[in-house]
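Please keep the sequence and the structure in view while reading.

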Amino acid sequence: MPSSFVSAGELLGPELELRVITIADFPNLPDGKYAFVDTYCTDPLCDCRKTMIQVFHNDKVVSVINFGWERPKFYIKWMGRDVSAELKNLAKEMSGISVDITSPDLVSREGILDLLKMLMNKKWIGNFKKHYRLVRELGGAAELSNIIRLLPKIPRNAPCSCGSGKKYKHCCL
């Protein structure tokens, strides 16, 4: 089953809390309302312990952010490879907040990363972990097969968005 990321609300129900804020005069970002939709991998064999956050502004996805809550040591072990400088850098990027390769970048990368770093707190991280656990518990449940996924076309030679460091065609295709 190819890996795809699905919003927690689609899997866990509409009562799921959606984080929305309104900003004014925030450096490098346009004023207005921003909504954050956390999405999770539906591959039951994957245990990446991260979320992809779709950032909406004016009802349009303006950025896609990765957030991995584990330490780099976990991601090195998860990737199952020999430790190299490149792998250490990749694991460091997977741990924490980074802009995803599929991000449309319709707002400043620096601005959106600064905003997410400011907003990230124990409660929000706890919600990500809880939603991740609940999505994992659904595993191969029938609910997953009923979801229509609208995914962007990813070139086969692009790096895989799951953060493994492999090409998409050798990983999650």
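## A buried phenylalanine and its partners

F67 is buried, at a relative accessible area of 7%; buried means under 20% relative accessible area, exposed over 50%, and partly exposed in between, computed with a 1.4 Å probe and protein chains only. The model is predicted, and residues are numbered from 1 along each chain as its sequence is written. Local features need pLDDT of at least 70 and side-chain atom pairs count only at pLDDT 80 or more, whereas totals for chains, interfaces and linings use all residues; side-chain values use heavy atoms, with hydrogens and water left out.

A pair of aromatic rings is described by the distance of the centres and the angle of the planes. Rings of Phe, Tyr and Trp (its six-membered ring) pair if their centres lie within 6.5 Å; planes under 30 degrees apart count as stacked, over 60 as edge-to-face and the rest as tilted. By this rule the count is seven aromatic pairs. One of them joins F67 and W69 in a tilted arrangement, 6.4 Å centre to centre with 45° between the planes. W69 is buried, with a relative accessible area of 15%. F67 also forms a tilted pair with F128, at 5.7 Å centre to centre and 50° between the planes. F67 lies in strand 5 (residues 60–68) and F128 in helix 5 (residues 122–138), so this pair ties together parts that are 61 residues apart in sequence. Helices (H or I, at least four residues) and strands (E, at least two) are DSSP runs, numbered from the N terminus.

## The aromatic cluster

One aromatic cluster is formed by F36, Y40, F67, W69, W124, F128 and Y132. Over the ring of W124 sits the charged end of R19, 4.5 Å from the ring centre; this requires NZ of Lys or CZ of Arg within 6 Å of the ring centre and within 35 degrees of the ring normal.

## Helix 4 and its surroundings

Helix 4 spans residues 109–119, and its buried residues are G111, I112, L113, L115, L116 and L119. These buried residues pack against strand 2 (19–23), strand 3 (32–41), strand 4 (50–57), strand 5, strand 6 (96–99) and helix 5, where contact means heavy atoms within 4.5 Å.

## The chain as a whole

The chain has six helices and six strands. Of its 173 residues, 46% count as buried. Residues 24 or more positions apart account for 59% of the contacts with a separation of 6 or more.
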